[in-house]
Amino acid sequence: MSTVGELACSYAVMILEDEGISITADKIATLVKSAGVEIESYWPMLFAKMAEKRNVTDLIMNVGAGGGGGAPVTAAAPAAGGGGAAAAPAAEEKKKEEVAEESDGDLGFG
């Protein structure tokens, strides 16, 4: 769950990055204060340290690209009894459901 401090600092970091201004704890704190948001004093420092170690633009562009996820689900080979005909439509139906779920989260960011 995000706190107001996390959100305010996240927006401040994105603003600074978008403007091409170096991201420091002081600049984050100044932006947050000018927005009239009260936060704990440690948030700007944490976000500035994160920005030093990570490319903020890459983080923004890859926000929906989750890592690792599991291996894709594949239907097992049918046994020698010919019972594989019923398994194929079930696998197709599941695939359609997964595609529908993914499209719900598309916000059009690229």
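Colleague: In which helix is methionine 14 found?

Modeller: This is a predicted model, and in it methionine 14 is found in helix H1.

Colleague: What is the overall make-up of the protein?

Modeller: There are 5 helices and 0 strands, and from the N terminus the order reads α-α-α-α-α. Of the 110 residues, 15% count as buried. The protein exposes about 8,700 Å², with carbon and sulfur atoms supplying 57% of that area.

Colleague: Which elements have the lowest and the highest mean pLDDT?

Modeller: The general idea comes first: where pLDDT is low, the predicted coordinates should not be read in detail. In this case the lowest mean pLDDT among the elements, 57, belongs to helix H5 (residues 87-104). The highest, 94, belongs to helix H2 (residues 25-34). The average over the protein is 74, and 55% of the residues score at least 70.

Colleague: How many residues does the largest nonpolar core have, and which of them have the most contacts inside it?

Modeller: As a general point, nonpolar side chains in soluble globular proteins tend to be buried together. Here the largest nonpolar core has 13 residues. Those with the most contacts inside it are Cys9, Val13, Ile23, Ile28, Val32, Phe47 and Val56. Helix H1 (4-19), H2 and H3 are the elements that give two or more residues to this core, and H1 provides the largest share, 5 residues.

Colleague: Which residues is valine 13 in contact with, leaving aside its neighbours within four places in sequence?

Modeller: Valine 13 is then in contact with Ile23, Ile28, Phe47 and Val56. For the protein as a whole, take the contacts between residues at least 6 apart in sequence: 49% of them join residues at least 24 apart.

Colleague: How many aromatic pairs does the structure hold?

Modeller: The structure holds 2 aromatic pairs. In one of them, the rings of tyrosine 42 and tryptophan 43 have centres 5.0 Å apart and planes at 40 degrees, so this pair is tilted. In the other, the rings of tryptophan 43 and phenylalanine 47 have centres 6.1 Å apart and planes at 55 degrees, so that pair is tilted too.

Colleague: Why do those angles give tilted pairs?

Modeller: Planes under 30 degrees apart count as stacked and those over 60 as edge-to-face, so the rest are tilted. Tyr42, Trp43 and Phe47 form one aromatic cluster.

Colleague: What separates tryptophan 43 and phenylalanine 47 along helix H3?

Modeller: About one helical turn, because tryptophan 43 and phenylalanine 47 are 4 residues apart in helix H3 (residues 42-53). Tryptophan 43 counts as buried at 14% relative accessibility, and phenylalanine 47 counts as buried at 14%. Tyrosine 42 is partly exposed, with a relative accessible area of 41%.

Colleague: Where is alanine 35 found?

Modeller: Alanine 35 is found in the loop between H2 and H3. At 56% relative accessibility, alanine 35 counts as exposed. Alanine 35 and alanine 12 lie 23 residues apart in sequence, and their C-alpha atoms are 9.6 Å apart in space.

Terms used
Residues numbered from 1 in each chain as written. Predicted model: local features only at pLDDT ≥ 70, side-chain atom pairs only at ≥ 80, totals over all residues. Heavy atoms only, no water. Phe/Tyr/Trp six-rings, centres within 6.5 Å; stacked < 30°, edge-to-face > 60°. Buried < 20%, exposed > 50% of the residue type's maximum accessible area, 1.4 Å probe, protein only. pLDDT = per-residue confidence, 0-100. Core = buried A, V, L, I, M, F, W, Y, C linked by side-chain atoms within 4.5 Å. Contact = heavy atoms within 4.5 Å. Areas by Shrake-Rupley, 256 points an atom, 1.4 Å probe, with all protein chains shown as cover.
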